[in-house]
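The sequence and structure are shown first.

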Amino acid sequence: MTDVPHLTVIDHPLVQHKLTIMRDKRTSTSGFRKLLREISLLLAYEITRELDLTTTAIETPLCPMEAPVLEGKKLALISILRAGNGLLDGILELIPAARVGFIGLYRDPVTLLPVQYYSKVPADLDLRMVIVVDPMLATGNSSAAAIDLLKKAGAKNLRFLCLLAAPEGVARMREAHPDVPIFTAALDDRLDEHGYILPGLGDAGDRMFGTK
Ligand code: URA
């Protein structure tokens with residue numbers, strides 16, 4: 001696998017167009033969810049671009065050939081609950097054989113620090129590429145904590161996928177986990193005093209589940 005920069009902004013026109021509609025406060029819950037599914041396919045396509053390939057012997061209807069296939073164990077996708085599940089569903093359409101784990105973290109509204117309430121992750125994390133998904137990289141505290149946990153569980157080859165990143169979150173991740181490349185559809189301006197990304201898209205969980 002070639003070297004990947006610490007931060008990659010996926011500026012594909014389709015990604016950017018869909019993201020704008022998702023940011024728009026007039027977009028309905030069902031519209032938001034549909035777009036999230038679509039955009040996650042495009043993001044997954046980019047994040048897996050550098051996966052290693054090997055070859056296998058097959059026969060086409062015309063002749064034998066050595067054809068490319070993915071090398072190594074299946075990917076592990078780790079969703080940070082609950083908003084991560086929105087990204088996860090789309091990615092699973094593209095990579096249906098991926099193993100899936102969940103980490104439950106909520107942000108204490110006062111300290112903005114992560115509190116873990118659930119964790120169930122696949123075995124053999126040390127042998128898999130592990131993609132952690134959470135739509136919003138805000139303070140970076142939850143993401144850094146989730147990656148701490150995954151490294152303790154053995155993960156070595158990690159990537160982080162989000163829809164929007166704040167500079168504060170990117171800096172936090174760079175400091176805590178410089179070995180974990182971040183892929184995002186946009187790097188926004190900053191956080192507000194409540195830890196929301198500006199201009200952002202609001203609360204991703206509320207937008208996708210209609211809880212507000
Ligand atoms: N989580 C969200 O859902 N939105 C933000 O802007 C920041 C964190």
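An open sheet of 7 strands, with mixed pairing, has the order β1-β11-β9-β7-β4-β5-β6. Here strands (E, at least two residues) and helices (H or I, at least four residues) are DSSP runs, numbered from the N terminus, and two strands pair if DSSP finds at least two bridges between them. The model is predicted: local features need pLDDT of at least 70, side-chain atom pairs count only at pLDDT 80 or more, and totals for chains, interfaces and linings use all residues. Residues are numbered from 1 along each chain as its sequence is written, and side-chain values use heavy atoms, with hydrogens and water left out.

At the edges of the sheet stand β1 (7–9) and β6 (114–120), each of which pairs on one side only. From one strand to the next the twist averages 20 degrees. Strand β5 (residues 99–107) runs antiparallel to β6 and is joined to it by 6 bridges; Tyr 106 lies opposite Val 115 in β6. Helix α2 packs on this sheet and touches β7 (129–133), β9 (157–161) and β11 (182–184). The direction of α2 makes about 150 degrees with that of β9. Contact means heavy atoms within 4.5 Å; axes are lines fitted to C-alpha atoms, for helices over the stretch in contact, and angles run from 0 to 180 degrees between N-to-C directions.

A further open sheet has 3 strands in the order β8-β10-β12, and its pairing is parallel. Because β8 (136–137) and β12 (186–187) each have a single partner strand, one side of each is left without a neighbour in the sheet. Strands β2 and β3 form a hairpin with 4 residues between them. Three of the pairings are set out below.

| Strand | Partner | Sense and bridges |
|---|---|---|
| β5 (residues 99–107) | β6 | antiparallel, 6 bridges |
| β8 | β10 (residues 164–165) | parallel, 2 bridges |
| β2 (residues 53–59) | β3 (residues 64–70) | antiparallel, 7 bridges |

Two packed helices are described by the angle between their axes and the distance between the axes. The axes of helix α1 (residues 13–23) and helix α2 (residues 29–47) come within 10 Å and cross at roughly 155 degrees. The two helices are therefore roughly antiparallel, a term for angles over 145 degrees. On the α1 side, the residues that meet α2 are Leu 14, Val 15, Lys 18, Leu 19, Ile 21 and Met 22. Their counterparts in α2 include Phe 32, Leu 35, Glu 38 and Leu 42. The residues of this contact divide into 11 nonpolar, no polar and 2 charged; Ala, Val, Leu, Ile, Met, Phe, Trp, Tyr, Cys and Pro count as nonpolar, Asp, Glu, Lys and Arg as charged, and the others, Gly among them, as polar.

Asn 141 belongs to helix α4 (residues 141–152). Is Asn 141 buried or exposed? With a relative accessible area of 15%, Asn 141 is buried, a class defined as under 20% relative accessible area with a 1.4 Å probe and protein chains only. Apart from neighbours within four places in sequence, Asn 141 is in contact with Leu 112, Leu 113, Pro 114 and Arg 172.

Technical notes. Buried < 20%, exposed > 50% of the residue type's maximum accessible area, 1.4 Å probe, protein only. Parallel < 35°, antiparallel > 145°, perpendicular 65-115°, else oblique.
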